Amino acid sequence: MKLTTRKFDALIIGAGGAGLRAALQLSNADARVAVVSKVFPTRSHTVAAQGGVNAALANVLPDSWHWHMFDTIKGSDYLGDQDAIEYMCRAAPKVVYELEHFGVPFSRLDNGGIYQRAFGGQSQNFGKEQAARTCAAADRTGHAILHSLYQQNLRARTHFFDEYFAIDLIKDEAGYVLGVVAFEILSGEPIVIEAKTTLIATGGAGQIFRTNTNALSNTGDGMAMALRAGVPLEDMEFVQFHPTGIAGRGMLITEGVRGEGGFLINGEGERFMERYAPQAKDLASRDVVSRAIAIEIREGRGCGKNKDHVLLDMRHLGTDTIMKKLPGIREMSMTFLGVDPIEKPIAVFPTCHYSMGGIPTNRDGQVVVPVKDTPEDPVPGLYAAGEAACVSVHGANRLGGNSLLDILVFGRAAANHILDFLKENRYHRPLPQASVDQALERLSRWERKGDGEAVEPLRRELRKVMEDHCGVFRTAEVMQEGVDKLRVLRERIENAVIRDHTQTFNTARIEAMELENLMDCAMATMCSALGREESRGAHSRVDFPERDDERWLKHSLYSLLDDSMDYKPVRTQPVTVESFPPKKRVY
Amino acid sequence: MEFSIYRFNPDTDSAPYMQSFTLPDDQVEPGMMLLDALLLLKEQDDSLGFRRSCQHGVCGSDGMNVNGTNGLACIMPLANLKAPVVLRPFPGMPVIRDLIVDMDNFYRQYREAEPWLINDSPEPEVERLQSPEDRDRLDGLYECILCGCCSASCPSYWWNPDRFLGPAALLQAARFIEDSRDQATEHRLERLDDAYRLYRCHGIMNCTQVCPKGLNPSKAIGDIRRTMIKRSV
């Protein structure tokens, strides 16, 4: 069979904020860039981000990038790499101003400046008064950013492969990554996209949990591709549960609601966050608020007839603020709960939201792996950015408003490094046929007919295993059982079949291949969680309730081969300022 | 609950047909959306094709024709739908397979509207200022999710999809004409001043009626026309 082959300088897999920001930087520098996405770009999940993007613009209250850095490190429960965090917080104002110039319709202050709201975990003066650092376009900031970035890429004539599904990376003997084997969803035709550099920007893997805020397409495709190419995943045990998903359904209700002054109440009508975080209250870090809600419910102080959720009250904000600053939330609440938040509080529950972990990179977006004595050796030609990556700026717990920042800063940084790489690597390397064949094998595997389990029930079981065995509170015993169950599921997935074997827009095949990716990400998450014998940030071990800096101030690395764990040190040395040593975390 | 769903797979079918599906009562839950039902029906037959992603009406993937009206499956409560629920692909767009349509022309018309901010003055090192009142003029314009419900319900777009931009693209045009930071208003109006591109809109208002985000392309088109008239006198 003759394979279609296309050649580019730079390939980007994923067309969310990280991919599109990188693509724009590359197109503007006249590199030949291709963006491959399994959905039309504006359908990427960045579109669902609500509250905003953090940058110390000081438009509303005094602020500095250094305070932002402190908050991010504290929020990360000291697991974040301080050089990357410094870099991100310093770059934040610049990337936000750039967005404004790209046309993002930010909400405005009376003086015409960008509107900023308070968000969780933000402070002035290294832990003192609440800050207002989150730049917002009402409660549709992700939509505003994604659409503007796509529009700018249209202007820059970036080449898009819309609705192409990436199967696996192409890697040669010397370890260079040389592009990807994909297929066109419309025709089912495989295609080789050769590139001198490949950036993975495929987002998170929230679909490994039953109740989540994520799109159905967030199946960790890039993370799984990296695993299969021999790259370990970093810190996958750190899964953020967002405190306010719509109870029973999972849709996200932005932290911006609490940023604007909304608060949580339990079944006794008490503002219980005052007990857990006397100073920051409802604007404590997400891990803290999610755990508090889980405890309230566990101790019988939930709301509703099953006492299985708490309420988010914003009635006191008034019609004006809700209509102007939180219109999307109101719309969603009315659609999914039949409740107008102007009149009644909303039922919420902690919901799987974000993967802090991912493909290990340095602050230039280069994918780095341990080689002999070096914990961080770059994989030539391979980059990652956004939720798929782990720089790590979020450590054990991400602050709200830092994910949109992460995708912009590191999408841009990766593109800049790619431009340097291209100067020194002017020619395409020979294509290793064996690697291509291996990827094609993954595609043809689903042509298998005959008896076998169907995909959807297996997916449902996988998600249930993760929820039951790797949720907000974790113990060794329950997780070990989870690992065993996942191993059995993995074998069953190997024998699964689909019934649709046609070529045109075969969604059954896509879902099957997504399930394989979910499986790899789930195993990475469960094994990493079982390995870490301490409680830090979003990772709460009932059997190891304290943070243990002596043994565990280090990053986990999970390899697919043998499901094995390895570790590497946290980069505690910032670029220019003094290190923030670990302290007890109080809000 | 009964469904009647448009099926067509070019690999195996010579002509499209309607297929009946039944969602057992014990699978119907209160608060369920049409998309939830479709995902369950897909378990009965994994060859059933439709696009979907975010599940809460922001990505714009799952636009389709439901009981004769275009909408997003993920935010249509099942309880509001009359059974048998008749599902068809968007009218006026080429069918790829089942409920999946070819949206290339829709995207091409979007690009024709040059939907990007044009401002050639030197870039300040901070944000360009915009008063809250000027920003308010973008409300109702920038929130479009490109689902296509509007253009696929517009008779003028059905007849002249190659020459009439359609409500979605014109809404984008309005979004940039109204943006106080954009300096290309004159250029934009000139490009639109054409018997087809803008003026094929006959004010039928299907677009406004079906928009799942509650936007009003019809008004936006009217506003562009008014600006156009002001400019010519």
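Colleague: What should I know before reading residue names and values?
Modeller: Residues are numbered from 1 along each chain as its sequence is written, and chains are lettered from A and ligands numbered from 1 in the order in which they are written. The model is predicted, so local features need pLDDT of at least 70, side-chain atom pairs count only at pLDDT 80 or more, and totals for chains, interfaces and linings use all residues, while side-chain values use heavy atoms, with hydrogens and water left out.

Colleague: How many salt bridges are there over all chains?
Modeller: The count is 79 salt bridges over all chains. A salt bridge here is a side-chain nitrogen of Lys or Arg within 4 Å of a carboxyl oxygen of Asp or Glu.

Colleague: Why would such side chains pair at all?
Modeller: Side chains of opposite charge can pair when their charged atoms come close.

Colleague: Which residue does A:Glu86 meet in a salt bridge?
Modeller: The partner of A:Glu86 is A:Arg90, at 2.9 Å from N to O. Both sit in helix H3 (residues 82–102) of chain A, 4 residues apart, so about one helical turn separates them. Helices (H or I, at least four residues) and strands (E, at least two) are DSSP runs, numbered from the N terminus.

Colleague: Is A:Glu86 buried or exposed?
Modeller: A:Glu86 is buried, at 1% relative accessible area, whereas A:Arg90 is partly exposed at 42%. Buried means under 20% relative accessible area, exposed over 50%, and partly exposed in between (1.4 Å probe, protein chains only).

Colleague: And which residue pairs with A:Arg492?
Modeller: A:Arg492 forms a salt bridge with A:Glu453, at 2.7 Å from N to O. A:Arg492 lies in helix H14 (residues 476–494) of chain A, and A:Glu453 in the loop between helix H12 (433–444) and helix H13 (455–469) of chain A, so the pair ties together parts 39 residues apart in sequence. A:Arg492 is partly exposed at 25%, and A:Glu453 is partly exposed at 34%.

Colleague: What about B:Asp223?
Modeller: B:Asp223 has a salt bridge to B:Arg226, at 2.6 Å from N to O. They are 3 residues apart in helix H8 (residues 217–232) of chain B, about one helical turn. B:Asp223 is partly exposed at 22%, and B:Arg226 is partly exposed at 48%.

Colleague: Which residues are linked in a network of salt bridges?
Modeller: Chain A has such a network, and its members include A:Asp77, A:Asp235, A:Arg291, A:Arg532 and A:Arg585.

Colleague: Changing topic: how many residues of chain A are in contact with chain B?
Modeller: On the chain A side 62 residues are in contact, with 65 residues of chain B. Contact means heavy atoms within 4.5 Å.

Colleague: What area do the two chains bury?
Modeller: About 5,000 Å² is buried between chain A and chain B, with 51% of it on carbon and sulfur atoms. A:Arg43, A:His101 and A:Leu216 supply 15% of the area that chain A buries against chain B, more than any other three residues. Buried area is the accessible area (1.4 Å probe) that two parts lose on being put together, summed over both.

Colleague: How many salt bridges are between chain A and chain B?
Modeller: There are 10 salt bridges between chain A and chain B. One of the salt bridges joins A:Glu331 to B:Lys213, with the closest N and O atoms 3.0 Å apart.

Colleague: Last topic, chain B: what are its domains?
Modeller: Chain B is divided into domain 1 (2–101) and domain 2 (104–232), with bounds from an automatic or database domain assignment. The C-alpha centres of these two domains of chain B lie 29 Å apart. The contact takes 14 residues from domain 1 of chain B and 13 residues from domain 2 of chain B.

Colleague: And what area is buried between those two?
Modeller: Domain 1 of chain B and domain 2 of chain B bury about 950 Å² between them, and carbon and sulfur atoms give 68% of it.
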